[in-house]
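Open the model in your viewer and get ready to select a few parts one after another. We will go from one contact to the next.

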Amino acid sequence: MRYIRPSSLEDAVGLLANASGKAAILAGGSDLLVRMKGGFIEPDVIIDIKAIDALGRIIENDDGFVIGAAVPCAVLGENTALRNAWPGVVEGARLIGSKQVQGRCTIVGNLCNASPAADSVPALVAAGARALVRGPAGSRTIAVETIPVGPGKTSLAPGEIIEAILLDKRQRHSGDAYQRFTPRTEMDIAVVSAAVNLTLNDQGVVEKARVALGAAAPTVLLVEEAADILVGSRVDDGALERLAEACSAACRPIDDKRGTVEFRKKVAGVLAKRVALTAYQRAGQK
Amino acid sequence: MTFDPSHAARSFSSVGTRPIRPDGVDKVTGRARYGADFNMPGQLIGRILRSPHAHAVIRKIDTSKAEQLPGVKAVVTAADLPDLTNGDTSMYDILDNCMARRKALYDGHAVAAVAAIDAHTARQALKLIDVEYELLPHVTDVDQAFAADAPLINDTIITKGVDPKPDRASNVSMRSQFGHGDVDAGMAKADFVVERTFRTEQTHQGYIEPHACVANVSSDGTADLWVCTQGHFVYRQHCAQLLGLEASKLRVTSSEIGGGFGGKTHVWAEPVALALSRKAGRPVKLVMTRDEVFRATGPTSATSIDVKIGALKDGTIIAADATLRYSCGPYAGSWAEVGAMTAFACYKLENVRTVGYEVLVNRPKTAAYRAPSAPMAAFAVESAIDELAKKVGMDAVDFRIKNAAQEGTKASYGPVYGPIGIGPTLEAVKNHPHMKAPLGKNQGRGMACGFWFNFGGQTCTDLNIGMDGTVSLAVGTVDVGGSRASLSLVAAEELGIDYAQVRAVIADTSSLGYNDMTDGSRGTFSSSMATISAARNAIKILRARAAQMWDIPVEDVTWERGHAVAKGETHGNLPNLSLKEIAAASGTTGGPIAGHSEIVADGAGVSFATHICDIEVDPETGATKVLRYTVVQDAGKAVHPTYVEGQYQGGAAQGIGWALNEEYIYGKDGRLQNAGFLDYRIPVCSDLPMIDTQILEIPNPNHPYGVRGVGETSIVPPLAAVANAVSNAVGVRMEHIPMSPPRILAALEA
Ligand SMILES: Cc1cc2nc3c(=O)[nH]c(=O)nc-3n(C[C@H](O)[C@H](O)[C@H](O)COP(=O)(O)OP(=O)(O)OC[C@H]3O[C@@H](n4cnc5c(N)ncnc54)[C@H](O)[C@@H]3O)c2cc1C
């Protein structure tokens with residue numbers, strides 16, 4: 001097994017394209033190393049992207065935020081501008097594992113591991129985040145929800161690397177929020193989760209909404225019918241009840257060691273209500 | 001030894017203080033050596049191949065490809081561990097569990113093992129072993145296994161304890177029964193009756209340190225084993241017997257232990273490591289993965305328990321009845337028997353009956369877990385008692401006080417109690433500020449009682465006095481919870497010297513006589529008795545040496561506060577001789593000074609506790625949060641109160657985890673679904689409040705200081721205390737543990 005630590009993205013893409021045998025990208029390693037230790041994968045080449053300076057930065061520009069693929073989640077939490085603009089996204093990232101894990105893990109790794117229960121993904125989807133992808137054929141920008149296609153599977157072509165996550169510049173009166181359900185307070189994995197992102201008009205009526213559910217289907221669900229319920233409302237009790245019903249109905253979960261179908265459906269609705277209220281409150285304050 | 005009543009009034013000088021434990025600095029700095037921290041030059045790495053099937057005949061094992069892999073030095077199967085058990089069925093079961101012989105009996109059952117130059121090669125070698133299985137129908141659920149039409153796990157199991165003897169095999173290895181009086185007549189008189197069936201799921205002890213050992217069998221037939229264990233003498237006995245070694249030829253050294261809780265009282269991989277070393281002619285290190293720890297070691301029983309209790313209008317329990325089915329894994333056990341003995345032990349009952357059934361299932365062999373079998377029985381009984389109190393219209397604590405066992409009560413399992421702590425713990429709970437604290441919305445409070453027997457057993461201790469007057473104490477009971485500190489306090493107390501002058505070590509099996517393992521809450525109880533007697537033997541010698549130094553009769557020398565004191569009119573003015581002075585002179589007064597002790601520590605006093613739990617339940621998700629938790633337990637005498645409190649807190653924490661989230665989850669395929677700490681959810685620190693403790697001291701009449709074991713009782717009440725709290729919070733009786741969020745939500749919506 002070879003371990004390579006390139007210092008430019010071009011080198012990384014080149015190495016990946018020309019690697020003989022199985023190649024794996026290493027960001028924080030908190031999924032990759034666990035899978036290697038468990039004997040689930042045995043890569044021939046490991047390409048560590050943490051030495052590529054450009055990937056280690058969060059840049060705020062006129063279009064919004066560019067979050068480099070190697071930025072650890074702990075650093076996201078320390079960026080005040082990002083926290084103010086996208087509290088829900090940061091909330092999701094900061095739920096991953098523990099302090100120690102967050103010192104290493106990345107939201108791109110979380111996305112590319114393609115677990116339906118990934119904690120940062122629902123909020124990214126609700127935020128309308130995009131991924132900047134670099135590959136042998138050049139660059140492209142795609143919606144994050146198109147990347148995971150099933151548990152452990154992504155739509156990335158061989159040789160492609162995600163360079164950064166792009167978040168739009170925040171509009172006035174906007175807020176987002178994320179919550180997961182876990183039996184434990186930390187060091188746990190979402191049984192089901194929900195994220196809501198809202199933009200209000202000056203009267204406090206929801207103008208735009210995106211609702212996403214995690215661990216409710218093979219990939220994170222973007223629930224448009226739930227968003228439609230919120231649009232035009234002031235997130236009143238009636239809207240919340242209908243939101244919960246729509247979210248429960250949209251779930252296509254499985255029965256497993258972490259929860260039953262009925263439980264996941266019910267709690268998806270409960271969490272959607274709770275995060276919608278938080279997002280509404282946050283939006284109203286700005 | 002009997003309790004010395006003068007101690008009741010006596011003020012101790014060392015016992016009861018809270019010095020830092022001798023193993024503390026090394027443990028917090030990472031210097032302490034646990035099982036996996038031991039290495040030998042030239043050692044190989046051992047790994048075990050495990051059955052992926054819950055129940056299968058092993059038709060053939062082809063190890064030839066693995067043997068040919070470069071770097072592989074030995075491959076063993078059951079053929080390398082021939083049956084030397086000579087009709088001893090319980091030893092045979094241990095052998096079969098260490099390495100499957102005819103059939104694989106559970107997912108994770110060892111079928112072969114390799115030793116190779118490194119872990120990678122060993123893992124590759126396992127993949128090259130070909131095992132031909134013939135799958136058999138399996139059963140993992142205790143109630144399904146109990147049913148008459150269940151797949152049969154062992155066709156030689158004929159239920160014991162049933163008259164007439166059954167004429168065909170079943171999955172029930174034994175029926176046991178305890179009690180007295182006439183339960184049916186009693187029940188007929190009852191004004192109120194509660195009858196329910198409760199279930200608890202299988203849990204693991206959850207020790208953080210996996211099983212680990214290094215085995216070295218020399219070509220001269222001697223062998224060494226370094227191992228993480230709760231009982232190195234027992235490991236020696238079992239390993240020697242299974243490998244055909246003489247006990248004295250095998251020296252076992254115990255490492256520091258990162259948790260055992262009963263799970264490290266059984267041999268698992270050690271005989272395999274020895275067999276590998278014997279075959280390879282080199283030392284073999286074998287460390288289990290977490291997955292192996294869950295799949296192949298440890299778990300406690302899953303249970304299904306019917307309880308029926310009747311009370312009169314005035315709150316007297318008139319009859320109590322329980323039938324308990326406990327899973328044992330695929331081998332005969334006596335887990336339900338213990339559950340049946342403990343179930344009603346807290347109460348004074350005229351008419352009581354408990355029946356236990358040991359049920360074989362295709363799961364790992366059940367192992368002891370802290371007061372084994374008692375927590376589940378207490379869950380069922382204490383839940384029913386709570387409900388009965390409500391029916392009678394009495395407060396839960398008052399109802400228990402009215403029916404609590406006392407000195408002179410005939411216990412439901414037979415003996416008559418001496419002085420016991422159930423009443424005092426209940427009174428303490430009744431008066432505890434926790435019971436009066438206000439509760440908020442969606443919050444509930446529950447309380448429950450628990451009992452454990454405690455154990456004494458064989459113990460051997462050496463106390464050696466160095467020429468500088470410091471003391472080394474060689475102990476044979478593995479220190480699992482701070483006992484080296486406690487025993488050093490006891491030695492200091494007896495000798496009249498400072499705690500810092502004593503160093504206790506756990507001696508290996510070649511350095512001391514046989515010791516039973518650290519189980520049954522016996523470590524401090526039994527080894528403190530042995531330490532007291534070793535110290536008193538040493539004092540006899542110290543007095544004799546002083547007499548010799550003074551040239552006076554030994555009868556005129558007493559021992560007071562670390563000094564020989566000359567008595568009587570003729571010698572009274574001789575200046576005292578300190579232990580240090582006597583030790584310094586020992587080379588010229590007869591040689592080294594030591595005290596030895598070999599005892600059977602009889603009379604471990606029974607132990608009782610009462611716990612209080614406040615919990616909040618989220619009615620929309622079933623999520624729970626333990627808000628406040630209090631443990632009140634009788635310690636007899638707390639030798640080192642901080643470590644007594646630690647035992648109370650540790651047991652409560654484990655019990656809360658068991659009550660709320662921990663469980664083995666099996667798929668329809670008979671495979672364990674959650675063999676890791678992600679999905680086997682022990683509580684993390686942020687899941688628990690600080691656990692309050694209150695130590696009561698009702699002296700054990702059989703120990704010179706009144707000490708009782710304290711390690712296990714603390715896990716007995718929590719399942720019930722938490723369940724009563726949840727039931728009170730949501731208004732629905734919880735019958736199934738763990739009360740995971742999906743289960744609570746389902747109960748709320750039922
Ligand atoms: C103790 C522990 C607790 C955890 N708790 C949680 C939790 O609570 N919630 C949760 O969601 N997850 C949790 N995880 C999983 C993991 O930490 C997260 O998924 C994390 O975000 C992964 O990021 P990483 O940078 O460490 O990924 P890595 O392990 O480095 O990579 C993950 C995958 O993504 C690929 N990849 C990485 N970067 C790129 C890139 N730039 N372009 C293309 N592919 C890439 C890798 O090749 C690999 O397949 C936990 C893990 C551990 C060990």
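**First stop: the domains of chain B**

Colour chain B by its domains: domain 1 (6–31 + 456–601), domain 2 (43–136 + 209–258 + 264–296) and domain 3 (303–454 + 605–749), with bounds from an automatic or database domain assignment. This is a predicted model, where local features need pLDDT of at least 70 and side-chain atom pairs count only at pLDDT 80 or more, while totals for chains, interfaces and linings use all residues. Residues are numbered from 1 along each chain as its sequence is written, chains are lettered from A in the order in which they are written, and side-chain values use heavy atoms, without hydrogens and water.

**Second stop: domain 2 against domain 3**

Now select domains 2 and 3 of chain B, whose C-alpha centres lie 36 Å apart. Here 21 residues of domain 2 of chain B are in contact with 19 residues of domain 3 of chain B (heavy atoms within 4.5 Å). How many salt bridges are there between domain 2 and domain 3 of chain B? The count is zero (the rule asks for a side-chain nitrogen of Lys or Arg within 4 Å of a carboxyl oxygen of Asp or Glu).

Show both chains: the contact takes 24 residues from chain B and 18 residues from chain A. Across the interface of chain B and chain A, the rule finds eight salt bridges. Zoom in on B:Asp679 and A:Lys257, which form a salt bridge with their closest N and O atoms 3.7 Å apart.
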